[in-house]
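Hi everyone, thanks for making time this morning. Let me bring the sequence and the structure up on the screen, and then we can walk through them together.

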Amino acid sequence: MKLLEDRIRSDGEVLPGNVLKINSFLNHQVDPELMKKVGEEFSQLFKDSGVTKVLTCEASGIAPGIMTAYELHVPMVFARKKKPATLNDAVYWADVYSYTKKVTNQICVEQKFLHKDDHLLIIDDFLANGEAVKGMINIANQAGAEVTGVGIVVAKTFQGGSEWIKDHGYHLEALAEIASLTNSQVRFVGKNNGRKRS
């Protein structure tokens with residue numbers, strides 16, 4: 001998705017530890033027009049997959065998730081990272097380790113929102129090692145639902161998550177695939193067009 005790649009080049013910041021900071025438009029401040037385009041793109045990529053619900057994880061997955069669900073005309077369910085007092089005990093749980101924050105979160109979805117006849121499209125903002133996606137697949141499996149695809153806004157293909165998803169037979173689509181962040185340059189898969197960010 002050229003529009004997204006251009007935005008990463010112009011606004012992205014490479015931090016130590018292979019961290020790409022794009023919180024000016026995706027996961028702190030959100031550009032709604034860009035998210036609309038993201039939703040349209042995912043809708044086209046998965047329109048023939050029989051999706052009945054979009055599943056994502058709070059908080060950063062909600063913006064691309066809701067726009068994708070809107071375009072597909074299906075509900076969106078997001079996994080919570082903390083169980084609110086109003087939530088009953090009928091929930092699906094999964095542990096998700098965050099390499100960025102160095103903590104393990106328990107994510108949960110109330111059981112009444114996922115069913116065995118659901119065909120779920122998992123949407124997330126970032127894919128590195130794939131821990132969040134693995135957690136959402138775990139929850140889908142607990143519900144007996146089928147995962148029909150995984151849509152990622154930005155995938156760091158060199159960190160193993162993309163390979164894991166494909167190796168386990170899931171249909172993966174990433175709108176921007178990053179091959180490396182070496183020397184503070186964003187290099188996209190199949191392209192030699194990195195730009196140094198400080």
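So, in which loop is Ala59 found? Ala59 sits in the loop between β3 and α3, and the peptide bond leading from Glu58 to Ala59 is cis, with omega near -5 degrees. Another backbone feature is at Asn183, which is not a glycine and yet has a positive phi of about 55 degrees. Asn183 belongs to the loop between β9 and β10. For context, most residues other than glycine have a negative phi, and most peptide bonds are trans.

A quick word on the model. It is predicted, with pLDDT of at least 70 needed for local features and 80 or more for side-chain atom pairs to count, while totals for chains, interfaces and linings use all residues. Residues are numbered from 1 along each chain as its sequence is written, and side-chain values use heavy atoms, leaving out hydrogens and water.

Now the overall picture. The protein chain has 5 helices and 10 strands; these are DSSP runs numbered from the N terminus, H or I of at least four residues for helices and E of at least two for strands. Its C-alpha trace spans about 50 × 35 × 35 Å along the principal axes.

On to the sheet. It is open and has 6 strands, in the order β4-β3-β7-β8-β9-β10, with mixed pairing; two strands pair if DSSP finds at least two bridges between them. At the edges stand β4 (76-79) and β10 (187-188), each with a single partner strand, so one side of each has no neighbour in the sheet. Strand β3 (residues 53-57) runs parallel to β4, joined by 4 bridges, and Val54 has Met76 in β4 as its bridge partner.

Finally, the helix pair. Helix α2 (residues 32-46) packs against helix α3 (residues 62-72) at an angle of about 55 degrees, with the axes 8 Å apart. Axes here are lines fitted to C-alpha atoms, for helices over the stretch in contact, and angles run from 0 to 180 degrees between N-to-C directions. That makes α2 oblique to α3, since under 35 degrees counts as roughly parallel, over 145 as roughly antiparallel, 65 to 115 as roughly perpendicular and the rest as oblique. Who meets whom? In α2, residues including Met35, Val38 and Phe42 meet α3 residues, among them Ala63, Met67 and Leu72, contact being heavy atoms within 4.5 Å.
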